[in-house]
Amino acid sequence: MKRYVIYTRVSTEDQGKSGLGLEAQRRDIDIFLANFSEEPWEVIGEFQDILSGKSDDRPQLATALKLVRETGAELLIAKLDRLSRKVSFIASIMDDKRVRLRVASMPFADNFQLHIYAALAEQERDFISKRTKAALAIAKEKGRQLGGLRDATMKRNAAIQEKAAAEARKVMQIVGPLRQSGQTLASIAGTLNDMQVATSRGGQWTAMQVKRVLERSSAL
C-alpha cells in the first residue's frame, strides 16, 4: 500500500487561524490522491507549520521527515514553495536517499525537474526584487512621479517586452539542458507540461513550440 505523510505550510499566524491558503493546499493534495496516486493508499501523518518560507527552522516538517524516514512513506506537499523558497533547502531534502518527495500540483515531476523549477522560481523572485529596487531608485533620482498617458504606454510596452524576454530566458534554462542531453522535442514539451510551465499564451507545449523556442534562442 502506498503511504503518504502530508505537509502544509502557511506564512503567518493569521493564515493559520483563518485557514487562508490551507484550503487551497488541501484541495490540490486531494486532487492528487484521487487522480494520480497509486492504489491503494493511506495517509499516515499530517503536519503543518505556520512560518515564513524563508525560515529553515520547521519543527513540524522535521517531525514529518522523521516519520517518512522511519516508514518509507512519501512526503506529499501541495506546491514546491510550501516546502521552502530556498533552492538549497529543497535540494538538501531531495538529496536525502531516505526521503521521496511528491508535489501534488506537479504529479509527474521527478527530482531533476523539481530542482530546475525551484531554481527558476528563486531566480525570478530575486530578479523581481532587484527590478523593483532599481525602478524606485531611478524615480527618486529624477525627483518626480512618472505619469501621463505617454509614460503609462511606455511603461506598459517595456513591461510586455521584459516579460517576453524573461519568459524566454526561463524556458531556455529548461529546454537547453534537456535538448543537450538528447531529449526529443516532444519529450521536452511533455516535461514542460508536467512542470506546469505555461506557454506565453497560457496553453500547453507542443514539439513545434519547443522548436520555435530553440530557433529564437539561436537567433539572439
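The following paragraphs lead the reader through the structure, from its overall pattern to its individual residues.

This is a predicted model, in which local features need pLDDT of at least 70 and side-chain atom pairs count only at pLDDT 80 or more, while totals for chains, interfaces and linings use all residues. Residues are numbered from 1 along each chain as its sequence is written, and side-chain values use heavy atoms, with hydrogens and water left out.

The protein chain contains 9 helices and 4 strands; these are DSSP runs, helices being H or I of at least four residues and strands E of at least two, numbered from the N terminus. Along the sequence they follow the pattern β-α-α-β-α-β-α-α-β-α-α-α-α. Of the 220 residues, 33% count as buried, where buried means under 20% relative accessible area, exposed over 50%, and partly exposed in between (1.4 Å probe, protein chains only). The accessible surface of the protein chain comes to about 13500 Å², with 53% belonging to carbon and sulfur atoms; such areas come from the Shrake-Rupley method with a 1.4 Å probe, and for residues only the protein chains shown count as cover. Among contacts (heavy atoms within 4.5 Å) between residues at least 6 apart in sequence, 66% join residues at least 24 apart.

Helix α5 (residues 87–94) is mostly covered, with 6 of its 8 residues buried; among them are Phe89, Ile90 and Met94. In helix α8 (residues 185–194), the buried residues are Leu185, Ile188, Ala189, Thr191 and Leu192. Seen down the axis of α8, these residues fall within an arc of 160°, so they line one face of the helix; the arc is that of the directions from the helix axis to the C-beta atoms. Just after α8, Gln196 takes a positive phi of about 60°.

Salt bridges come next. A salt bridge is a side-chain nitrogen of Lys or Arg within 4 Å of a carboxyl oxygen of Asp or Glu, and the whole structure holds 11 of them. One joins the side chains of Glu74 and Lys2 (2.8 Å, N to O). This pair links distant parts of the chain, with Glu74 in strand β3 (residues 74–77) and Lys2 in strand β1 (residues 2–10), 72 residues apart. Glu74 counts as buried at 4% relative accessibility, and Lys2 is buried at 16%. Both belong to a network of salt bridges that links Lys2, Glu38, Glu74, Arg100 and Arg102. Another salt bridge joins Lys66 and Glu70 (2.5 Å, N to O), which both lie in helix α3 (residues 59–71), 4 residues apart, about one turn of the helix. Lys66 is partly exposed, with a relative accessible area of 49%, whereas Glu70 is exposed at 54%.

Asp49, in strand β2 (residues 41–50), is buried yet has no salt bridge; the nearest side chain of opposite charge, Arg58, is 5.2 Å away. In that count Lys and Arg are positive and Asp and Glu negative, with His and the chain ends not counted. A polar contact of 2.8 Å joins the side chains of Asp49 and Tyr7. Such a contact is a pair of N or O atoms within 3.5 Å; within protein, one must be able to donate a hydrogen and the other to accept it, and residues adjacent in sequence count only if both atoms are side-chain atoms.
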